[in-house]
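Trainee: Hi! I'm new to this one, could you walk me through it?
Mentor: Happy to, let's bring it up.

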Amino acid sequence: MLIARTIKDLNTARASLGAALGFVPTMGALHEGHLALIEAAKANGARVAASIFVNPTQFGPSEDFTRYPRTEAADLEKLAAAGCHLVWLPDVATMYPPEGATTITLSGPATRWEGAIRPGHFAGVATVVAKLFGQVRPARAYFGEKDFQQVQVITRMVADLCLPVKIVAIPTIREPDGLALSSRNRFLSQQDRALAPILYANLRTAAASIAAGKDVTKTLEDACNNLTASNLSPDYFNLVDATSLEPITNLTAGARILAAAKLGPIRLLDNIAVS
Ligand code: AMP
């Protein structure tokens, strides 16, 4: 597995990998969810590159940038074992040189939900992903549906900026009890870890109710009340159009429920398709 820490090394490594490169951008602290993206990229038959970069610009001032888990040695072992061909490990100065003057501005699917609760988050994500695409030059890039809004934001950005990369969304990998894998789950106390699957349990119940024709507003309210009764504080729990991410009150093809809830010091993020 090739490892590049400078643009020069990245360019040399990239030149050896052929045109049809698959790419998996990450912030490290890798788990089976990340590895599912590598697997999907490999299954496409091309060589696979991953990046590990904890991107400071997508964290708000009161968020956990400094405390975000950094486990580089273990991550590299996992990527090598998964058959990844290249790992790109830029530092902050490489990604954000002092003369840098360009940030991507977003509207549409970036406006609500995480975009409203974490101002500037998606501008940070979109800008770093655009830079990574320019550096790695993949033909396909793989993102997890765990961060469903992020997939829609990146898909919109790629279309709007005519970037020559195909975005591929991969289903969420979960613990046996339904909790979506996340690098931050390690920070859940034992008690909160036991409560955490309640978010996905309520997503499943609500999706089944809405699919069965129950009232959307009442179903979503019931789910929020259930979460609150279990000590989770929902930030949102809404039925949305799968592309625009605008809230809807009648079921349409591909509709999705997006949810986020605080549990102690951790925010849980999840979603489900309604069909
Ligand atoms: P992160 O390192 O958290 O920025 O995530 C890197 C990529 O892995 C993103 O595309 C995430 O959506 C994806 N990802 C994170 N958790 C999961 C999961 N449980 N299942 C599938 N993909 C995931």
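Trainee: Which side chain does R5 meet in a salt bridge?
Mentor: The partner of R5 is E72, at 2.6 Å from N to O. A salt bridge here is a side-chain nitrogen of Lys or Arg within 4 Å of a carboxyl oxygen of Asp or Glu. Before we go on, this is a predicted model, where local features need pLDDT of at least 70, side-chain atom pairs count only at pLDDT 80 or more, and totals for chains, interfaces and linings use all residues. Residues are numbered from 1 along each chain as its sequence is written, and side-chain values use heavy atoms, with hydrogens and water left out.

Trainee: Back to salt bridges, how many turn up in the whole structure?
Mentor: The search finds 13 salt bridges.

Trainee: Okay, new topic. What domains is the protein chain divided into?
Mentor: Domain 1 covers 2–170 and domain 2 covers 183–274; the bounds come from an automatic or database domain assignment. Their centres, taken over C-alpha atoms, are 26 Å apart.

Trainee: And how many residues of each domain are in contact?
Mentor: 23 residues of domain 1 are in contact with 20 residues of domain 2, where contact means heavy atoms within 4.5 Å. Together the two domains bury about 1,800 Å², with 54% of that on carbon and sulfur atoms. Buried area is the accessible area (1.4 Å probe) that two parts lose on being put together, summed over both.

Trainee: How many salt bridges are there between domain 1 and domain 2?
Mentor: The count is 4. Elsewhere in my notes on charged pairs, R256 forms a salt bridge with E145, with the closest N and O atoms 3.2 Å apart.

Trainee: Let's switch to the ligand. How many residues surround it?
Mentor: 17 residues do, and the closest are M27, G144, D147, I173 and L181. A residue counts as near if one of its heavy atoms lies within 4 Å.

Trainee: What is 2.9 Å from an oxygen atom of the ligand?
Mentor: An N or O atom in the side chain of H34 is. A polar backbone atom of G144 also lies 2.9 Å from an oxygen atom of the ligand.

Trainee: And which residue has a backbone N or O atom 2.9 Å from a nitrogen atom of the ligand?
Mentor: That one is L181.

Terms used: A polar contact is a pair of N or O atoms within 3.5 Å; within protein, one must be able to donate a hydrogen and the other to accept it, and residues adjacent in sequence count only if both atoms are side-chain atoms.
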